[in-house]
Amino acid sequence: MIGAGIKRGTAELAVLSVLQDGPLHGYELARRIEQQTNGALRFTLAALYPMLYRMEQQRWIRGSWEISANGRKRRCYRLTPAGKKKLSPLQREWAELFRALQRLTKVAHA
Amino acid sequence: MPDWQELVRRRLLGLAVDSTWQEEVHSELAAHLEEAFEAFRSDGLSDHEAVQRTLALSGDWRDLQRKIDSAGNGKDTMTNRVKQLWLPGLLTFTLSMVSMELAQKLGPAPHILSLDKGTPVLMFYTAWLYVLPLAGAIGAYLAKRAGGSLRMVLLSSIFPVLPFAVVFMVAIPVGLAIGHALMPVVYLTMAIGWVFAPGVALLAGGLLVKLVSSRVSTSR
């Protein structure tokens, strides 16, 4: 499992990345992230929703109530143009960080 | 199956965000828990096990409440400040300026009072002063309707005189510092004409709205 500090930093990136594929409601969003990270990133309600509300305030995502296929009312989140703009530099920064860590660990092992 | 909506409502009792958003948060979290519960059930878990696993997904409810309060208040401060102060205040300001213009052009001649041997003088557009309570009342009503506190309601009603009040608060000490003999009298005269008299008229309208709304809520 990944530690809480790293998770906080990656959570926004994970949400923005998953929403790139299309709008999702909270439960489905958490499930997709968990599946795609093989369970490394798991969100409790206390972690997920305050973050979604904050990201909505920052206008990176937009939530709206929709009726799902089974007739239930769900709040769906979609990526906004500002969110798309935010995602690219975030992806670059994290990719750079991972490359740096890889280089570091290789040196350490050598 | 538990009533998830009721469970969320009980666990987040005292959430300090506006009631509309509070309802949305309850519905959204309840929907999340309901889906999780159904997913656990379809994985073959018993009702009891599914409920336990679903509740484990919640995390610390107090932490959740604190974080939602914090996120919600950030959001509310922005929108509420606009709805409860800036919009009603600017409308009161506009009404006040338009009525002043109309009073000068179409109303009766101003009432002139001499404080000391004719100089300086106080000019009261009485028609304007009669209209100001209405402008103050409209501002106060809009602020109240947007859920504004007493402070916001009263500030919205006296909003038009606030810029002048600030100017005088800066100008009087500067004038005194310069030491001009006439300064204090001149500034006092102008302050009465531009701040105190219209301020009292506007505040009268605001207080009337406050009084009426308090009576209405008490009778309910």
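A residue is called buried if 20 or more other C-beta atoms lie within 10 Å of its own, exposed if 12 or fewer do, and partly exposed in between, with C-beta atoms placed from the backbone. The structure is a predicted model, in which local features need pLDDT of at least 70 and side-chain atom pairs count only at pLDDT 80 or more, while totals for chains, interfaces and linings use all residues. Residues are numbered from 1 along each chain as its sequence is written, and chains are lettered from A and ligands numbered from 1 in the order in which they are written.

Asn38(A) is found in the loop between helix 2 and helix 3 of chain A; helices (H or I, at least four residues) and strands (E, at least two) are DSSP runs, numbered from the N terminus. The phi of Asn38(A) is positive, about 50°, although the residue is not a glycine. A positive phi, near 65°, also occurs at Arg59(A), again a residue other than glycine. Arg59(A) is placed in the loop between helix 3 and strand 2 of chain A and is exposed, with 12 other C-beta atoms within 10 Å.

Chain A contains an open sheet of 3 strands in the order 1-3-2, with antiparallel pairing. Strand 1 (24-25) and strand 2 (61-67) are at the edges with a single partner strand each, so one side of each has no neighbour in the sheet. Two strands pair if DSSP finds at least two bridges between them; strand 2 and strand 3 of chain A, which run antiparallel, are joined by 7 bridges. Ile67(A) stands opposite Lys73(A) in strand 3. Helix 3 of chain A lies across strands 2 and 3, at about 115° to strand 2. Axes here are lines fitted to C-alpha atoms, for helices over the stretch in contact, and angles run from 0 to 180 degrees between N-to-C directions.

Residues are in contact if their C-beta atoms, placed from the backbone, lie within 7 Å. The contact between the chains takes 15 residues from chain A and 19 residues from chain B. On the chain A side, helix 2 (26-36), helix 3 (45-57) and strand 3 (73-79) each supply at least two residues, and helix 3 gives the most, with 8 residues.

Within helix 2 (residues 19-42) of chain B lies Glu28(B), which counts as buried with 22 C-beta neighbours inside 10 Å. Glu28(B) touches Gly26(A) and Arg75(A), not counting residues up to four places away in sequence.

Conventions: Contact = placed C-beta atoms within 7 Å.
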